[in-house]
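The tour goes from one selection to the next.

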Amino acid sequence: MLPIENAIQAANDFLIKAVPDARRVKVRKMAQIDFDSETGAWEVEAQVYVPNETVRNLGLPVQKEVLDCQDYLLRLDRKLQVVAYGLREMVEEK
């Protein structure tokens, strides 16, 4: 597998495990933020689809599950381990 494919897979695997009730993960953007072969870090933006809390709490009958989309930002090190993550809206732009 190519390094970018490995990074996508690492982000998907992490978010499926880290986000309760995640139904689907879609990586939207990726960028290698450090090109040094020693540190080679990645920044990943992903969408995670989770069940809608209002529909769930009210017990509304639906024919198809209603999902909400949450945007996440992740940082991976050169070994593709997640070193930081959070909801996109909670991360300050610098």
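Contact here means heavy atoms within 4.5 Å. The model is a predicted one.

Start with asparagine 52, in the loop between β2 and α2 (53-58). Show its surroundings: leaving aside neighbours within four places in sequence, asparagine 52 is in contact with Val66, Leu67 and Asp68. Is asparagine 52 buried or exposed? Asparagine 52 counts as buried because its relative accessibility is 15%, and the cut-off for buried is under 20%.

For valine 55, the backbone nitrogen lies 2.9 Å from a polar atom of the asparagine 52 side chain.

Now select strands β3 (residues 67-76) and β4 (residues 82-87), which pair in the antiparallel sense over 5 bridges. Within this pairing, tyrosine 72 stands opposite leucine 87 of β4. Move to the hairpin, where 5 residues lie between the strands. Leucine 80 takes a positive phi there, near 65°.

Then display the largest nonpolar core, a set of 15 residues. Leu15, Val19, Val48, Tyr72, Leu74 and Leu76 have the most contacts inside it. At least two residues of this core come from each of α1 (3-18), β2 (42-51) and β3. The largest share, 5 residues, is supplied by β2.

Finish on leucine 76. Not counting residues up to four places away in sequence, leucine 76 touches Ala7, Ala10, Ala11, Ala41, Trp42, Val44, Gln81, Val82 and Val83.

Conventions. Residues are numbered from 1 along each chain as its sequence is written. This is a predicted model: local features need pLDDT of at least 70, side-chain atom pairs count only at pLDDT 80 or more; totals for chains, interfaces and linings use all residues. Side-chain values use heavy atoms; hydrogens and water are left out. Two strands pair if DSSP finds at least two bridges between them. Helices (H or I, at least four residues) and strands (E, at least two) are DSSP runs, numbered from the N terminus. A nonpolar core is a set of buried Ala, Val, Leu, Ile, Met, Phe, Trp, Tyr and Cys residues joined through side-chain atoms within 4.5 Å. Buried means under 20% relative accessible area, exposed over 50%, partly exposed in between (1.4 Å probe, protein chains only). A polar contact is a pair of N or O atoms within 3.5 Å; within protein, one must be able to donate a hydrogen and the other to accept it, and residues adjacent in sequence count only if both atoms are side-chain atoms.
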